[in-house]
Amino acid sequence: MTPRSTDSADDRPNRREPRAPRPVQRRDDTVGVTEFAALPDTDRAARDRAHALSALTRAAAEHAAREYRLLAPLHLDDTSTEANLLVAAQNELIASVGLHTTNDRATRRIQDAHRAVTALPTTLSRLERGEITADQFSLLLHRTRHRSPEILRRGDDLLAEWDFTADPADLDHGMRRLAVYLRELERAVDEAPPPMRDTRLLPPDPEHPGALSMIITGPAPTMIDMADRLDRTARAAQLQQKHALERGEDVPFDPDGIAALKQRPLSVSALRSILITSAEFTNDGLRIPEPRFQMFVQVPALTLLGKSDLPGTINGDHVIPADMARDLAGRSSTWLRILQDEATGAILPVPATRYRPTPQMLQHLRLRNRMCAAPGCTRRTNGARIEADHIVEFNHRDPHSGGRTEVENLHLLCTRHHQVKTAKAVDPVRIHGPKPGRSTGRTRWTIADRLVADRTDADDLIAASEYAFVRSAWAHHARRHGLDGSGGEDPTPTSGADPGPPPF
């Protein structure tokens, strides 16, 4: 294959520019969002509700346009220098606090706002006038998120002719066609980008407790080949399970014992999951660092004793059912006692003093904040690019003058936000540690000397609420049987004196 020359535009092969999609026109039989004359007079309440919804839709469009214009100046085109990277991180924190969202979502909204203001000015003006709904504009930005500003401006010219009160199904179809047209238009100008490669863990699904999903993205031929090899291996494993069951032998590839229990092979889909999660990776001489943190399985004491079915967690983040938590805890040979305040669910501090945090302190900090301690940041604290930071700087010349190495003066930050703090673009102050029975710990962040946001330590309020229920039940039992000195005369639960902890 001969590589294509990039010396001049004339060397490129002639590619026909794709045909632009026709503007979406309003059909005569379509009822617009503000046209309710056809509704019968007897349905006045429905008509009033429709008018109210239409007014809210226009107000939401105006609000969205204002948000885009406020966020757009926070975008930086050039982040190649360290100074600009720090400004971008600071702007990200400002947006995160103002929008009350995570840093990642704030960054996406800043990028969307920049594209809206610079590449879709005509369509943004229509949004401000209520001619386009906020949802329609958001969908447009999503469908065209990979297009360059130059190509997106071509789309802005086309959208000026569209009637956004047309049938929603027609609009959705038109959006898809516009996205394809702009993509093909960009391909006619530039080289196609390399195939995307990505792997990411999805958030837990409450409908499937104890399970997590991972998405692997790669070049189409590679992914098709991998899926084919995995499928053929899974079918071979299924056949092997069938033969083992027929001969009464131990069933292979059956870690949970389900095939042996049900006396039938597992599905090919289940076997694919078992095979890919049990595969070993070859490193070809690549040095793989040891994990910085152990994997923690947190089990509430009442769950461990079988007195409760409160779920446990893996690494304080991934919720698992009580039975799975008890099973994992039963197989463990190492136990670490973590004290939590029963009323607030806060992880209580442990004492330690020295410059470098001890491994126990790092584990404690990781449980106290499962994410980077900066407001809105979602980088997990069990990753490699996480660093312990003194909230009040450690004084190397006079360690006793302040900035002690203790859990109340430490937090875990991702590398990026650690650099932002070192550059003094943000200033965290520990307001207070956990107050038993009253509140969890809290850190106050001042961003760019003008914006203040509080970050609360992680807690387990579900466990706290269950503890309150158990405590109330024990108080009722103690009063009923005279264990609190009342003689057992008042069987009605009240909020009287504390009879002490339950006997388990």
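Over how many bridges do strand 8 and strand 9 pair? The two strands, strand 9 covering residues 442-447, pair over 6 bridges in the antiparallel sense. Keep in mind that this is a predicted model.

**The aromatic pair**
- Searching the whole structure turns up 1 aromatic pair.
- Its partners are Y68 and F137, with a centre-to-centre distance of 5.2 Å and 45 degrees between the planes, so the pair is classed as tilted, between the limits of 30 and 60 degrees.
- Distant parts of the chain are linked here: Y68 belongs to helix 1 (residues 44-71) and F137 to helix 5 (residues 134-143), 69 residues apart.
- Y68 counts as buried because its relative accessibility is 9%, and F137 counts as buried because its value is 1%.

**Histidine 114**
- Helix 3 (residues 103-119) is where H114 is found.
- H114 has a relative accessibility of 18%, under the 20% limit, and therefore counts as buried.
- Apart from neighbours within four places in sequence, H114 is in contact with A72, H75, D77 and A119.

- For a residue-level view, look at P428, which stands opposite W445 in strand 9.

Notes:
Residues numbered from 1 in each chain as written. Predicted model: local features only at pLDDT ≥ 70, side-chain atom pairs only at ≥ 80, totals over all residues. Heavy atoms only, no water. Phe/Tyr/Trp six-rings, centres within 6.5 Å; stacked < 30°, edge-to-face > 60°. Helix = DSSP H or I, 4+ residues; strand = E, 2+ residues; numbered from the N terminus. Buried < 20%, exposed > 50% of the residue type's maximum accessible area, 1.4 Å probe, protein only. Contact = heavy atoms within 4.5 Å. Pairing = 2+ DSSP bridges.
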